[in-house]
Amino acid sequence: LSQLPGWSARPDGSIVVATGNDDALGLYTCTPYNSYGTAGESQPTRVLLKDPPAFTVRPKEEYFQEVGRELVIPCAAHGDPPPTITWLKVGSAGPSGAQVDGNSSLVFRPLVKEQHGTWECTAANQVASVRTATSVHVLGTSPHAVTNVSVLPLLLAANVSWEPGFDGGYFQRFSVWYTPLAKHPHRAHHDWVSLSVPVGAQHLLVENLQPDTSYQFSVLAQNKLGSGPFSQIVTSVPRGFPVTTVPPEPPAMTMRVFLSPPQALTANETVRGVLLQWEPPAQFSVALSGYALELRQDKGGWEVLDRSIPGTNTQVLVPGLIKDAFYEFRLVAFAGSYISDPSNTVNVSTAGMEVYPSRTQLPELLPQPVLAGVIGGICFLSVAVIFSTMAACIMNRRRATRIQKRRQGRSWLPAL
């Protein structure tokens, strides 16, 4: 063994080959012996060199596809003996509904919301197994449940935090739901209270709770397609006031923010474009910051057309939409960092309009510099037209006079 680099023998008689190569190929026998001799050698065993699996085609790190469409994710490997390719959704114990075709590719036909997540492709043979992972994002669905919900108990309050799930391809909002645990076992039903979460936040302070009372908390995500599933329920007990002879200060009162959507959105065609009118939200506990106008064309995705409409306005003009198209409009209201639900949707069918607007315009007078420029341009064109007309008339009169004089001169000549 000393003549073979990387070869060694263990005390139990096993041979260790650090690096397998052609030197290790062949038949091997083992002969045990002691001071009395040996009973003979073992049956021969053959050492063969095989190749572990290696990927020849790896899936991409991420795939994005609309729900209901087809998605094919390739995965291929080679080895000796040829490896077997299997696919598995990470964290899923039940059937996934996906299929594997003859090329070992993962096929979703059609793609459903539940297939969103991480998928692993494993190549295995008698030598070893290797795996690679990819993430599948299913677009056009309601949000997925939030994860890692935690509740930090505070004095007569609780701080709820979480990690957002996938938003389904649309903007998502969150709300925190909580309820005290029933003190009477026969009353199984509880009234849950929901609090809206400011846009972009991943935590919320829930105040004015009862001390030394168990509360249950859950988080709900919503987008324009609907609500996702509730998160797991977390139980926590807010802390009470410490025992002291000095009366504690009363807890600070928090203001509940109410912001209902804009009302009675209507659309009317005018000579300048489509005029949208609405009523302000029926309920809002803080001053309105403004409105945002959203539209979508021919049942496509919603887009923000104008996000800077002042809160004092109740109408906006949308000029020159694309000809022969179908539009839907809706409004959302802003109040600080809060955003309302969308208003009712109005439909507009255009005809004869050629140009898509670069921005919306409010139905007010144009600014003075712009108005002066427009009036000046119109006056200049008018004067140019008048002078051109007068010049043409003078030239026509002179030409007619010359022709008349020529005719009169010919009539005076004696007949031959």
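This is a predicted model: local features need pLDDT of at least 70, side-chain atom pairs count only at pLDDT 80 or more; totals for chains, interfaces and linings use all residues.
**Exercise 1. The second largest pocket**

*Solution.* Step 2: its lining comprises 16 residues, of which Phe171, Arg173, Glu294, Arg330 and Ile339 are the closest to the centre. Step 3: two or more lining residues come from each of strand S24 (290-297), strand S25 (303-310) and strand S27 (326-335). Step 4: sorted by class, the lining has nine nonpolar residues, six charged residues and one polar residue.

**Exercise 2. The surroundings of His116**

State where His116 is placed, decide whether His116 is buried or exposed, and list what His116 touches.

*Solution.* Step 1: His116 belongs to the loop that links strand S11 (106-108) and strand S12 (117-124). Step 2: the relative accessible area of His116 is 16%; buried means under 20%, so His116 is buried. Step 3: leaving aside residues up to four places away in sequence, His116 touches Lys89, Val136, His137, Val138, His144 and Phe166. Step 4: the His116 side chain reaches the backbone nitrogen of Val138 at 3.4 Å.

**Exercise 3. The sheet containing S11**

Give the strand order of the open sheet formed by three strands, and explain why one side of S7 and of S10 lacks a neighbour.

*Solution.* Step 1: the order is S7-S11-S10, with antiparallel pairing. Step 2: strand S7 (71-73) and strand S10 (99-100) stand at the edges and have a single partner strand each, so one side of each has no neighbour in the sheet. Step 3: S7 and S11 are joined by three bridges; Val72 has Val107 in S11 as its bridge partner.

Conventions
Residues are numbered from 1 along each chain as its sequence is written. Side-chain values use heavy atoms; hydrogens and water are left out. Helices (H or I, at least four residues) and strands (E, at least two) are DSSP runs, numbered from the N terminus. Buried means under 20% relative accessible area, exposed over 50%, partly exposed in between (1.4 Å probe, protein chains only). A polar contact is a pair of N or O atoms within 3.5 Å; within protein, one must be able to donate a hydrogen and the other to accept it, and residues adjacent in sequence count only if both atoms are side-chain atoms. Contact means heavy atoms within 4.5 Å. Two strands pair if DSSP finds at least two bridges between them. On a 1 Å grid over the protein atoms alone, a cavity is a set of points where a 1.4 Å probe fits but cannot get out, and a pocket is an open set with protein on both sides within 12 Å along at least five of seven lines; lining residues have an atom within 4 Å of a point. Ala, Val, Leu, Ile, Met, Phe, Trp, Tyr, Cys and Pro count as nonpolar, Asp, Glu, Lys and Arg as charged, and the others, Gly among them, as polar.
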